[in-house]
Amino acid sequence: MTRYVLVRLVNGLFVLWAALTVSFLVLHLVPGDPVSVMLRGAGGEGSAVDPAAADELRAELGLDQPVHQQYLEFVWNALRLDFGTSFQSGEEVTGVLSRALPATLELAVTSLLLVLLVGVTTAVGASLLPTARLRSAVLSATVVGNALPSFWTGIILLQVFSFGLGWFPAYGNGEFAQLVLPAIALALPSIGLLTQVLGRSLRTALAEPYVRTARAKGASRLRAVTAHALRNAAIPAMTLFGLMIGGIVAGAIITESVFSRQGLGRLTAEAISAHDFPVIRALVFLAGALYVAVNLAVDLIYPKVDPRIVLRSTGA
Amino acid sequence: MPSSRLPAPRRLSGPKGWTTATATAVALSLVLTGCGSDGDQDASGNAAAGDPVDGGTVTYGFTEAPDCVDSRQRPQLNSRTIGRQLADTLTEQDPATGEVLPWLATSWSVSDDVTAFTFELRDDVTFSDGETFDAEAVKANFDAVVELGALAPQGSSFLAGYQESVVEDEFVVTVRFEEPNAQFLQATATQSLIQLSPASLGNEPADLCQGDFAGSGPFTLESFTPDSTVELVRRDDYAWASPIAENQGAAHVERVVLEGIPEGSVRQGSLTSGQVDVIESVPASGLAQLESDDRFTVDSVVLPAIAIPYVPLVHSPKLGDADTRRALSLALDREAIVSAVYNGVSQPATGVLTSTNPGHLDQSDEVRYDPEAAEELLDRAGWDTVGDDGIRENADGERLSLTITYASGSPESEQQHQLAQQQWAEVGIELTLDPVAELPLVQMDEYPGDIATWSQTRADVDVIRLVYSSFHPEMSMLYNHPDEELDALLSSLQTTVDSEERLEIAEQAQRRIIEQGYSVPVYDRVWAYGYPNELGGFATDIEGKALLNEVWLTS
């Protein structure tokens, strides 16, 4: 088990290195020059740019060095968790990130709790319905949640609950009231998906002989679902849930813009449009680390849910 | 609309974003098509009745909160809006006329050769850290902008050729340049040259961006969360407001909270549901609705800038002839473009400059839609054979096929180019759209395609000097084809201080530009503020930035 975790961690480091290298290369290959963005302004307005000023700025940012040298420096600094300073603001990247992180964490965690709570409740609830047609109708309905673009959902939620009823503020972050609508908007698509997957695996599990046995011994349908089928049906949903964590962070890009929230999503969008290399690289690093951690966590939880699963490091 | 209480200066807005201009070489020019600037505008009339009320917090919805509140380092409108509240400038511009007015400088004189500007300063101004504003402070500020260099792109271009500032007396300072620099006077009214406490000037540029400085403005910075929120608190001992302000003392409201609300419909919904008190940039999609809502006032302002143009590149082999270039202008239906694409947030161009630029010359007789005249010009220019595909050819069999290379990403400019494509096709000109992820930073002669576009905001005629002169060849739209008449006019702009004379020169230059087809002006950008009728005193400066020390809440 310890060996398993160690091997996985080493693999994780490799994943991180690969992600950083690819992002470094991509940033240098795609058209776009941070210097011209800086000199021309974020508004996208055209203007004259002094070539001498551009060169000066390029030198200041270290962009005039050969690419391989920039890469080596970047990897060495990344190893020490030093991501340099933002091209845009000149601020330490770690400072920029740590300012954005809490808002996104709060949003993502709330949203994931919603997904779990509503998704599992709906799937379990649906499986308790008396007829197969009803069960299937409820599961099908959740597809809608999955299909709604979160930009649109966000605007509708705002129209109704903020502009119309005035229950929640339309923008900003920090207070619980400001968290509700964006968390719902972000959770809706995942709720649909989780309900679908869990509902279908529950249906499969409920058809298994051990459930029939339990029922024959007098277990109620509720008990058959919660005590017997749910555990077995949970594995695919858990895998999905792990993937959703990444999806939620990606979804934050849109949700944070619609709800004018600070956070990693907005930061990502802004850093990309400004070609702010140091910030983008740090975000890639963070996303990679999150991916590695979540996957490891999910894998470590599997045996707890289903004791038949044994973790071995061979071939990992 | 009434109000008796409009501040004297209500009115037009001005430029913003890049104003460039100036002397430095700013260069390359062209750039993005059409995209938007951040605009400015102005506001003027407001409907609130009654006397000003003191106290309260005004919440302001930004299109996008700035990442930096040091407006010397960020020429974008959002930073300039903050800069305006935190710091003052040596001079102010009359929003109606563009005339340069005294502010922190009570008077000035300019040497005959226009290389030395002597300012007499107010002696009663203090920075919010307690330091005194004096000649030493002004010197330190100009020195600091030059030191910032590329980090202060606009200010350092305004100061191109800066030699030194000389402290003549405690409150008299002379700024010297190596060459005539007439545009400098107007530049001292911009937020690129705000006056900060000398004690702040040594701070790191990144810290200055985060607000680590003291100015002499009507507000001080309470807190700043980059890209999100700016909180300002009124300075109670403020007593040196700009001459255009009706309120010469401390601000009416105690606090201002500026929130970045990038999504237009959310910004507007936040306003109509009472969550914010004023928004900038009412989105085109919601403008009509807000205007028809009698609970709210919409102040729309044309930004003082260059009218967003198509620029026929003279060095393109097909556009070497003035008749061909002018035909492009006559074949363009600006009304159609404005109503289809920029519903309410722009108006058809009437000249090289926007109608609110102090140097604007109304050239709508020339800048008009007249496809027949365009066809005559094209015939005269030798494009007199129409091919099977409806595109004109010359005697050599060359097709009149032009390419515009532009930065993709703005649906509006995309749509605008498509309309231009259809309109020009009707007179036999083919336009090929070449969207690119990002325009290269190249010299003008390497600029891809035949047509460029650019935009620049500055409430001064100087905005046209750089790109239509041949003084900075690498960024001249007339690359390698200097127009001597235009050069003479534009260089005399730099040696002429008298505003009447400057205007006269500027008008001749604008006429020359249109006659020669160097610019095909398309539209003037409009910036709209929306606020409830209960908000009193709303006014803007010449660049369209809100004067937040003027507003008050009545409920």
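The legends below describe close-up views of a predicted model.

Local features are reported where pLDDT is at least 70 and side-chain atom pairs at pLDDT 80 or more, whereas totals for chains, interfaces and linings use all residues. Residues are numbered from 1 along each chain as its sequence is written, chains are lettered from A in the order in which they are written, and side-chain values use heavy atoms, without hydrogens and water.

**View 1. The disulfide of Cys68(B) and Cys209(B).**
A disulfide is a pair of cysteine sulfur atoms within 2.5 Å, and a search over all chains finds one. The sulfur atoms of Cys68(B) and Cys209(B) are 2.1 Å apart. The link is left-handed, with -85 degrees about the S-S bond. Cys68(B) lies in the loop between β1 (57-62) and α1 (77-86) of chain B, and Cys209(B) in helix α5 (residues 205-209) of chain B, so the bond ties together parts 141 residues apart in sequence. Helices (H or I, at least four residues) and strands (E, at least two) are DSSP runs, numbered from the N terminus. Cys68(B) has 0% relative accessibility and counts as buried; Cys209(B), at 1%, is buried as well. Buried means under 20% relative accessible area, exposed over 50%, and partly exposed in between (1.4 Å probe, protein chains only).

**View 2. Helices α1 and α12 of chain A.**
The axes of α1 (residues 2-29) and α12 (residues 277-305) of chain A come within 9 Å and cross at roughly 155 degrees. Axes are lines fitted to C-alpha atoms, for helices over the stretch in contact, and angles run from 0 to 180 degrees between N-to-C directions. The angle makes α1(A) roughly antiparallel to α12(A), a term for angles over 145 degrees. The contact comprises 18 nonpolar, five polar and three charged residues. Here Ala, Val, Leu, Ile, Met, Phe, Trp, Tyr, Cys and Pro count as nonpolar, Asp, Glu, Lys and Arg as charged, and the others, Gly among them, as polar.

**View 3. An open sheet of four strands in chain B.**
The strands stand in the order β4-β5-β7-β6, with antiparallel pairing; two strands pair if DSSP finds at least two bridges between them. At the edges are β4 (105-110) and β6 of chain B, each with a single partner strand, so one side of each lacks a neighbour in the sheet. The twist from one strand to the next averages 20 degrees.

**View 4. Strand β7(B) and its partners β6(B) and β5(B).**
Six bridges join β6 (residues 162-169) to β7 (residues 172-177) of chain B, and a hairpin connects β6(B) to β7(B) through two residues. Ser165(B) stands opposite Val175(B). Strand β5 (residues 116-121) of chain B pairs with β7(B) over five bridges, and Glu120(B) stands opposite Val172(B).

Methods. Angles under 35 degrees count as roughly parallel, over 145 as roughly antiparallel, 65 to 115 as roughly perpendicular and the rest as oblique.
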